[in-house]
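Here are my notes on the model you sent over.

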Amino acid sequence: MKLSDAAKSWHTDGFAILPAFIPPEELAPVVRDLPSQFPTAEGFHDGTDARRDRFIGDEFAGIDTFPFKSTELSLLAVSERLLELASVLLDDSDFHLYGAESWAKFTGACDYDQDLHRDYLNHSILVPSTTPGCRQVEIFVFLTDVPEDLGPPHLVSRRHTDRLPALPNWFLRPGQVSESRYTDDSGSPELYAAEVSGAGPAGTVIAFEPGTVHRGTGLTAPRGARYSMQVCFRPAQLQWGQRVGWAVRSFSSEWSAFVGRATARQLQALGFPPPGHPYWTAETLAGMALRYPSLDLAPWTRAE
Ligand SMILES: O=C(O)CCC(=O)C(=O)O
């Protein structure tokens, strides 16, 4: 799919599915590194990996947050392809990564089947907007194949959800009773009937908005494992779209390893001022050389 077509779908439907958007050669170093981050399918299902217990009983317990143990995974979060996609969708060249998570799921570890919902309640302190310049984008990246029996996300086009009010936010599957103003227990048959599956091969990317109705689905493949990453971008000026702050994670070996291999453009997505910004002076450059000995400061030095 061309990026211009992805932008059209994203605007019309609230999401765009780009099968195998990350090519195998770019995914290969990440896949090689995955066992440093998560148990393999065999390690989990045979019980030979001591890290397996963390995944039992809580679907969200399989999430790791940026910066990752695997530097390859951290670099993928801001790979040129994903930055280009974010730039086209947000129609902006100055945007920030406001969240990045990688997620391993294993068949039988817990129930991954979710109710339809929107994500904005923990991606923004406001409500979603479609005004140009006020949009945020979430992107799922499949690190391995995700066919239907390995729990692909399902999404509902904005054409079916445009008239929904901001709350309730969760559309419960039949048989559940709403206990708060955030949940709707009508069963929402029209929304569930309109679901589109995001199933696809490794490298598939699904871009959607925090206001897009979607859900995670269950893993049923015997001895199955699903590995994915979620990255979230917003225009640099859009202060109300938040998930984490990077400084609190920046005194870690994972962060230093990532910074040492990242480009100026990738680091700008994490909040580094761009080359030519008044921040870059002889004094700050000297300090940065001490803080990050393996970072090539040439891009910022030349433009000082
Ligand atoms: O991981 C997925 O496929 C979707 C998960 C999801 O929608 C969520 O946790 O909000």
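**Notes on the model**

1. Let's begin with the ligand, which is surrounded by W103, Q114, D119, P153, H214, R215 and G216; a residue is listed here if its C-beta atom, placed from the backbone, lies within 6 Å of the molecule. This shell divides into two nonpolar, three polar and two charged residues. In that tally Ala, Val, Leu, Ile, Met, Phe, Trp, Tyr, Cys and Pro count as nonpolar, Asp, Glu, Lys and Arg as charged, and the others, Gly among them, as polar.

2. A word on the ground rules: this is a predicted model, in which local features need pLDDT of at least 70 and side-chain atom pairs count only at pLDDT 80 or more, while totals for chains, interfaces and linings use all residues. Residues are numbered from 1 along each chain as its sequence is written.

3. Next, look at the open sheet of six strands, with the order β1-β10-β5-β12-β3-β2 and antiparallel pairing. Strands here are DSSP E runs of at least two residues and helices are H or I runs of at least four, numbered from the N terminus; two strands pair if DSSP finds at least two bridges between them. At the edges are β1 (15–18) and β2 (63–65), each pairing on one side only. The twist averages 20° from one strand to the next, with axes fitted as lines to C-alpha atoms (for helices, over the stretch in contact) and angles running from 0 to 180 degrees between N-to-C directions.

4. On the β1 side, this strand pairs with β10 (residues 205–208) in the antiparallel sense over four bridges, and A16 has A207 as its bridge partner. Helix α1 (residues 3–13) packs on the sheet and touches both β1 and β10, its direction making about 145° with that of β1. Touching, or contact, means that C-beta atoms placed from the backbone lie within 7 Å.

5. β5 (residues 137–142) is worth a close look. Four antiparallel bridges link β5 with β10, where I139 stands opposite A207. Six bridges join β5 to β12, again antiparallel, and V141 is partnered there by M229.

6. Eleven bridges join β12 to β3 in an antiparallel arrangement, and H96 stands opposite R234.

7. Which residues have the most contacts inside the largest nonpolar core? They are L97, I139, V205, A207 and V231, in a core of 67 residues; such a core is a set of buried Ala, Val, Leu, Ile, Met, Phe, Trp, Tyr and Cys residues joined through C-beta atoms within 7 Å. Strand β3 (residues 95–106) gives the most to this core, with seven residues. Leaving aside neighbours within four places in sequence, V205 is in contact with L18, F21, I22, L85, I139, F140 and V141.

8. Finally, find D185 in the loop between β8 (183–184) and α7 (189–193). Is D185 buried or partly exposed? D185 counts as partly exposed because it has 17 C-beta neighbours inside 10 Å. Not counting residues up to four places away in sequence, D185 touches L172, Q176, V177 and S178.

Key. Buried ≥ 20, exposed ≤ 12 C-beta atoms within 10 Å, placed from the backbone. Contact = placed C-beta atoms within 7 Å.
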